Amino acid sequence: MSGGHIGCCLSSFNQTQSFPVMEDQKKLSFSSPEPVNYSQELDVAVRTVQLACSLCQRVQNGLISKTSDGVQSKDDNSPVTVADWSVQATVSWILSESFGSSNVSIVAEEDIQNLSKAKADGVLETVVKTVNECLAEAPRYGLNGPKMALGTTEVLEAISRCNSIGGPAGRFWALDPVDGTLGFVRGDQYAIALALIEDGEVVLGVLGCPNYPMRKEWLNYHHRYHRIISKLTPSTSESWDKGCVIYARRGSGEAWMQPLLHVNKNLVWPNSARPVRVSSIDNPSLATFCEPVEKANSSHSFTAGLAHSVGLRKQPLRVYSMVKYAAIARGDAEIFMKFARAGYKEKIWDHAAGVVIIQEAGGVVTDAGGRPLDFSKGIYLEGLDRGVIASAGANLHDKIIRAVDASWDSSAL
Ligand SMILES: Nc1ncnc2c1ncn2[C@@H]1O[C@H](COP(=O)(O)OS(=O)(=O)O)[C@@H](OP(=O)(O)O)[C@H]1O
Ligand SMILES: [Mg+2]
Ligand SMILES: [Mg+2]
Ligand SMILES: [Mg+2]
């Protein structure tokens with residue numbers, strides 16, 4: 001099945017026929033003797049990420065206009081919000097509903113410990129309300145919602161059910177409910193990342209990028225500008241809100257992009273999709289590289305040295321979240337590099353969806369030793385050699401890897 005076929009498959013859904021079709025899908029997924037092509041899984045994953053994007057847009061608008069606070073700190077001082085927990089609960093609930101809870105195993109970032117803390121009083125109620133508001137929209141996406149609103153216990157269960165530890169055998173989903181939470185709370189870029197991993201290989205990936213419009217010009221705007229626009233002109237903020245969902249299935253040689261099915265429009269499925277492809281630029285002097293915004297997450301000085309030695313002349317594009325992977329897949333940038341400090345272990349949910357999308361869009365993703373990222377070792381990318389490098393093509397990729405080797409020993413990493 002291609003992404004084009006997902007378009008066909010999705011177009012057969014609408015609000016009135018979605019429930020019976022979903023029932024058929026369940027049967028097809030688990031009784032078909034055909035080789036697994038993950039078409040039902042991809043279909044549900046794309047719809048679910050679309051639904052999650054609408055949830056995040058509502059919460060982010062609330063945060064920016066200060067109608068809610070809702071940003072908590074985890075033990076490592078990283079931020080977590082109502083949106084992180086609410087997306088995790090929603091995605092977990094929809095996947096269980098669609099495929100049967102005994103068939104669904106999920107590795108995801110959040111847990112309920114912080115949510116249950118006394119200082120998060122009120123946050124849990126907001127999460128439950130947010131999840132129910134979101135699930136009430138599910139039929140517009142051709143998904144089953146609950147017959148009755150979920151209670152607190154059910155929401156907590158949905159979050160804590162995402163307790164798989166991954167590994168080399170079997171099938172599990174990897175979910176980052178909000179990737180780039182810092183960007184999210186700053187009114188900037190973030191992503192919802194959902195991947196399916198089978199026997200250690202990422203077989204499909206979906207990235208929801210609610211602030212990454214279909215047109216590339218708005219990727220590199222300053223986040224404060226976005227805040228100003230959102231504050232001053234909420235009625236026209238739709239023009240900023242238009243994001244995209246990008247997805248790919250392993251081995252298809254295709255990656256696809258849909259516009260968001262925006263909450264404020266009276267739209268239901270079908271949604272349209274168009275193929276995306278990596279950039280054809282392989283001259284370093286014309287190439288753009290992207291990297292994390294925060295120096296704490298990736299060494300800017302090391303990548304500046306690499307850029308210089310490879311001949312990358314353009315300013316780095318610093319963007320929060322896996323939107324960086326989306327930018328490479330769409331051909332809006334040519335290279336992504338992340339070199340975390342020694343001792344930091346990258347998590348699978350921060351990379352899985354992006355890796356398969358770039359690969360199917362024609363790009364290359366490896367560690368700095370040129371080896372594929374290993375998603376078979378549990379929640380961490382165990383054995384990752386120094387950093388993650390993604391490129392639009394093999395030429396650029398080889399140049400970066402050679403430059404890393406040449407400069408690593410003299411780096412402070
Ligand atoms: N110390 C350190 N080093 C490297 N990476 C870290 C570190 N701490 C956290 N993380 C993970 O980085 C995820 C955010 O990556 P970004 O590329 O969005 O970084 S940045 O915010 O643009 O700087 C972020 O994902 P989210 O927590 O989902 O936002 C983390 O999983
Ligand atoms: Mg993340
Ligand atoms: Mg996250
Ligand atoms: Mg986080």
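A search of the whole structure, which is a predicted model, turns up six aromatic pairs. In one of them, the rings of F339 and W408 have centres 6.3 Å apart and planes at 40°, so this pair is classed as tilted. What I would point out is that the pair links distant parts of the chain, because F339 belongs to the loop between β12 and α13 (352-360) whereas W408 belongs to helix α14, and the two are 69 residues apart.

Elsewhere, K345 lies over the face of Y380, at 4.6 Å from the ring centre.

Let me turn to the sheet, which is open and has five strands in the order β11-β10-β12-β14-β13, with mixed pairing. Strands β11 (317-318) and β13 (364-367) stand at the edges with a single partner each, so one side of each has no neighbour in the sheet. Strands β10 (residues 289-291) and β12 (residues 335-338) run parallel and are joined by two bridges, and C290 stands opposite F336 in β12. Helix α11 (residues 300-310) packs on the sheet, where it touches β10, β11 and β12, and its direction makes about 170° with that of β10. Helix α14 (residues 394-408) packs on the sheet too, touching β12, β13 and β14 (388-391), with its direction at about 155° to that of β14.

How values were computed
Residues numbered from 1 in each chain as written. Chains lettered and ligands numbered in written order. Predicted model: local features only at pLDDT ≥ 70, side-chain atom pairs only at ≥ 80, totals over all residues. Heavy atoms only, no water. Pairing = 2+ DSSP bridges. Helix = DSSP H or I, 4+ residues; strand = E, 2+ residues; numbered from the N terminus. Contact = heavy atoms within 4.5 Å. Axes fitted to C-alpha atoms, helices over the stretch in contact; angles between N-to-C directions. Phe/Tyr/Trp six-rings, centres within 6.5 Å; stacked < 30°, edge-to-face > 60°. Lys NZ or Arg CZ within 6 Å of the ring centre and 35° of its normal.
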